[in-house]
Amino acid sequence: MSAGRRSRGLLVAALGWLTACGAPERPAPAAGEASRTRRAAEGLFSEPAEYAPRPPSAEAGHRYFAELGVGDPYGAGVPYPVYRALMAQYPERLGADFGALSERFGFIAGDDPGALPVGFHRTRDPNTGVDFLMTNCTICHAGRVRTAQAERVVEGLGNRRVRIHAYALAFARIATDPELSVSSLGAAAADEAERLDLAWPPSHRRVLVEATIRGLRERFASRLAPLERLGEGLPGRVATMEGFMIALDTFMDADLRLPEVIGWARVPDVAVWQHRDTNSFDGAADGSPVALVAEADFAFGVRPRWYEEHRHIATSMFLYLRHFERDLPFPGPIDEALATEGYEAFEARCAGCHGHYAAPGESTRPSYRERIVPVEVVGTDPARLESVTEPFVRAANAAPATRGLVHTRRSGGYVPRPLVDVWARGQYGHNGQWPDLAVLATPPEERPTRFVVDPAAPLDLERVGQRWRPADEGPPGPGEYLYDGTRPGYGVQGHPFLGAAPEGERRAILAYLRTL
């Protein structure tokens, strides 16, 4: 049995041992007894009150998506005093406070350095009375929209600055630090609990610290090399399929290998999912929409049994996403006459793939039918598409929790996405390879291949997208990064359709896109 598979029950096993046998200072059981205890404890879950079964609804789904999260604390969380102790012991890895943590990994910071970032949640474990730190969907799917006049956090948008794989890598490096010990971390957790006035019962302390360290080491020790690769990803990108490969290794001993070229994709805007049949850029998985919504949580430590016993959570989140509402009007001037001209050109050139929308001044529901455009036709970088390997397909379709509910395949192309609120979603393309719509509307051979992006800068409302500058104007400054389209997986080629239009027609279509 692999280290990844064993690690699933480490924390619950330790808690089960505590519940059954009292004080954690008791001598360890014999090897066979420990194995039986660990197996028996696989079924132990923490059931915080906020995750109790309730009638599914879009309102409940919003709470799970944006406030609570999913997954039991033992499988998907970390004891809060221990988390704060890790921050205190490894400020160079995590940051000494939540402000520093947010800056390091691109999270949206709270109102002050002591507040949790957007996407984090504290829940009380009823078994121990200890708070655990959990995450929810807005850790990635909430974005800060800045213009020259205003700034707001928009739920559902992809976070342009988040570095979620670097966050996992930080824990992997901590886990493999030989200096990490129960005594040092336990003392730091006690100090943090006292400083922050946290519940930290003496009878539970040692077992929680031991289980956390053991779980970190057995979960991450064998994954440091692949996580080193993923941790190098650009801000606002995720290696979705590679994350699923790691999760399948954990739950199924699938022994999957990451592809030679990582299939990076930008964090998407979930507002478009209400119009889609699948969720991914390539339509690789279809089937039950409720199961599709829940699948992503497995990569964040949610155990299959939790999913099976708490299906109301996924159902509610599906209802929330299916009825997603957001008011996000373009914040700049719009040339109505040019936009009307652009509407007619869009209908003729773009609507067949990207859907039909209201004419300027009208209000109608978008009409969109999902399709997959072969990569030979659209011509964009194939790395994301090729990351869905045959071994991954076989493992994904054999996963017990979703077998018969979700079917994974190699689709052969990319899905043209609906364009709701498209002005706020830059950068564009499945990997954010086009920084603004003006670049996308340029013939492929004329597009910039190497450019510097500041993901925290105000949006460029004239060009519609993220501000950027050519790489030859100087190296990236603080908070900026270089996008190198000459690297495999980052190509800026393809989607020549808008660039092939006459210049006046391109300007008109861009004016219309501001109205969506």
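Which residues form one aromatic cluster? In this predicted model, the cluster consists of Tyr83, Phe98, Phe105, Phe107, Phe120, Tyr167 and Phe171.

1. Aromatic pairs. The count of aromatic pairs comes to 20. One of them joins Tyr83 and Phe98, whose ring centres are 6.4 Å apart; their planes meet at 20°, so the pair is stacked. Tyr83 and Phe98 are both buried.

2. Phe107 and Tyr167 are arranged edge-to-face, with 5.2 Å from centre to centre and 85° between the planes. Because Phe107 lies in the loop between α7 and β2 (120-124) and Tyr167 in helix α8 (residues 164-175), this pair ties together parts that are 60 residues apart in sequence. Phe107 and Tyr167 are likewise buried.

3. Charge over a ring. Arg417 lies over the face of Phe281, at 4.5 Å from the ring centre.

4. Cysteines. The whole structure contains zero disulfides. For Cys137, the nearest cysteine sulfur is that of Cys140, 9.0 Å away. Cys137 counts as buried because its relative accessibility is 19%, and the cut-off is under 20%. For Cys353, the nearest cysteine sulfur is that of Cys350, at 8.7 Å. Cys353 is partly exposed, with a relative accessible area of 25%.

5. His495. This residue is found in the loop between β14 (481-484) and α22 (503-513). His495 counts as buried, at 17% relative accessibility. Leaving aside residues up to four places away in sequence, His495 touches His354, Val378, Thr380, Trp434, Leu440 and Arg447.

How values were computed. Residues are numbered from 1 along each chain as its sequence is written. This is a predicted model: local features need pLDDT of at least 70, side-chain atom pairs count only at pLDDT 80 or more; totals for chains, interfaces and linings use all residues. Side-chain values use heavy atoms; hydrogens and water are left out. Helices (H or I, at least four residues) and strands (E, at least two) are DSSP runs, numbered from the N terminus. Buried means under 20% relative accessible area, exposed over 50%, partly exposed in between (1.4 Å probe, protein chains only). Contact means heavy atoms within 4.5 Å. A disulfide is a pair of cysteine sulfur atoms within 2.5 Å. Rings of Phe, Tyr and Trp (its six-membered ring) pair if their centres lie within 6.5 Å; planes under 30 degrees apart count as stacked, over 60 as edge-to-face and the rest as tilted. A charge sits over a ring if NZ of Lys or CZ of Arg is within 6 Å of the ring centre and within 35 degrees of the ring normal.
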